[in-house]
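This report walks through the structure shown below.

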Amino acid sequence: AIISTTDFFLPIVDDAFDFGRVAAANAISDVYAMGGTPLMAIAILGFPVDKLPVETAQQILEGGRSICKEAGIPLAGGHTIDSNDPIFGLAVTGRATLNHLKRNIGAEAGDLLFLTKPIGTGLLSTALKRGVLQEGHYEVLIQQLTAINKIGEALGQIKGVHAMTDVTGFGLLGHAIEMAEGSGVSLLLHYNAIPKMEGVDDYLKQRTIPDATYRNWNSYSSKVQFDKGVNVMEAFTVLPDPQTNGGILMAVAPEACAEVEALLASQGLQAYLQPVGKCIERGEKAIYVEP
């Protein structure tokens, strides 16, 4: 199978080189989220030539090229236009054998849910925009935003991984709902087991909440039920938090969990060996959240 995807956006960080890295990692990770192997990418660049120096555009492209090199693919050209604001991303072509191709449907009741990255990039990115990001948290944010989900390529080869999706703009809840509805099951999330980025609690107190969080929640709140014991005000802010280049959410058959856990550990992802939930028989709601 050929996988073709594209993603691009406005800057969410100040540094041009980092912006290029973030946008490229976000686009390439879409291929990994399907169990695929990227083959090549072409750049999509909009740039305000009358406002910013050409060197800034070159830095953006170099950032994108560095991530492509990390993924082992060429940045094979692209297209640039004059625009009011900088826009950057990639169109990425990948491949996968059909029996390794994963989609965000196919989860089965009894499957356990794993997540390969913490959530909170929306909160930290908004803190950066408002000038309140704490010292040291910029590196935490950049490390998360530029880490490609290469493990998805290996996860695709595990038969017991029934469904996968990367967590991006719709937040963990939004992508979990897509998996639940597409698979004909409900998902039970263990809120206290969901990994959160360093600093999330601080920025929750400062209310550095992206506007997209509210839009996400308003669009699917009727499909979610919180059990007693869950801090609903916190959860409704964290779980719909829009992610950029978020982790892979996967539904794994119980008999395949040991293989998945061994793979995660071999890739230095020991922090994500604990399941964040499970798939259950379809209920009235798509998502149930317990402590």
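## What covers helix 10

In this predicted model, the cover over the buried residues of helix 10 includes strand 5, helix 5 (151-155), strand 6 and strand 9. Helix 10 spans residues 257-266, and its buried residues are Cys257, Val260, Leu263 and Leu264. These residues lie on the same side of helix 10, because the arc they cover around the axis is only 125°. An α-helix has 3.6 residues a turn, so residues three or four places apart point the same way.

Which exposed residues sit on the face of helix 10 turned away from its buried side? That face carries Ala258 and Ser266. Exposed here stands for over 50% relative accessible area, and buried for under 20%. Just after helix 10 comes Gly268, with a positive phi of about 75°.

Seven strands make up an open sheet with mixed pairing, in the order 6-9-5-10-7-11-8. Its edge strands are strand 6 (161-166) and strand 8 (224-226), each of which pairs on one side only. From one strand to the next, the twist averages 25°.

Strand 7 (residues 185-190) and strand 11 (residues 287-290) run in the parallel sense and are joined over 4 bridges. Leu188 has Tyr288 of strand 11 as its bridge partner.

## A helix across the sheet

Helix 6, made of residues 171-183, lies across several strands: strand 5 (112-115), strand 6, strand 7, strand 8, strand 9 (248-252) and strand 11. Relative to strand 7, helix 6 runs at about 150°.

## The protein as a whole

How many helices and strands does the protein have? There are 10 helices and 11 strands. The radius of gyration is 19 Å, close to the 19 Å that the globule rule gives for 291 residues, so the protein is as compact as a globular protein of that length. Along the principal axes, the C-alpha atoms fill a box of roughly 55 × 45 × 30 Å.

Of the 291 residues, 55% are buried. The accessible surface comes to about 12600 Å², and carbon and sulfur atoms account for 51% of that surface. Among contacts between residues at least 6 apart in sequence, 88% join residues at least 24 apart.

Terms used
Residues are numbered from 1 along each chain as its sequence is written. This is a predicted model: local features need pLDDT of at least 70, side-chain atom pairs count only at pLDDT 80 or more; totals for chains, interfaces and linings use all residues. Side-chain values use heavy atoms; hydrogens and water are left out. Two strands pair if DSSP finds at least two bridges between them. Helices (H or I, at least four residues) and strands (E, at least two) are DSSP runs, numbered from the N terminus. Axes are lines fitted to C-alpha atoms, for helices over the stretch in contact, and angles run from 0 to 180 degrees between N-to-C directions. Contact means heavy atoms within 4.5 Å. The radius of gyration is taken over C-alpha atoms; the globule rule is 2.2 Å times the number of residues to the power 0.38. Buried means under 20% relative accessible area, exposed over 50%, partly exposed in between (1.4 Å probe, protein chains only). Accessible areas come from the Shrake-Rupley method with a 1.4 Å probe; for residues, only the protein chains shown count as cover. The arc is that of the directions from the helix axis to the C-beta atoms.
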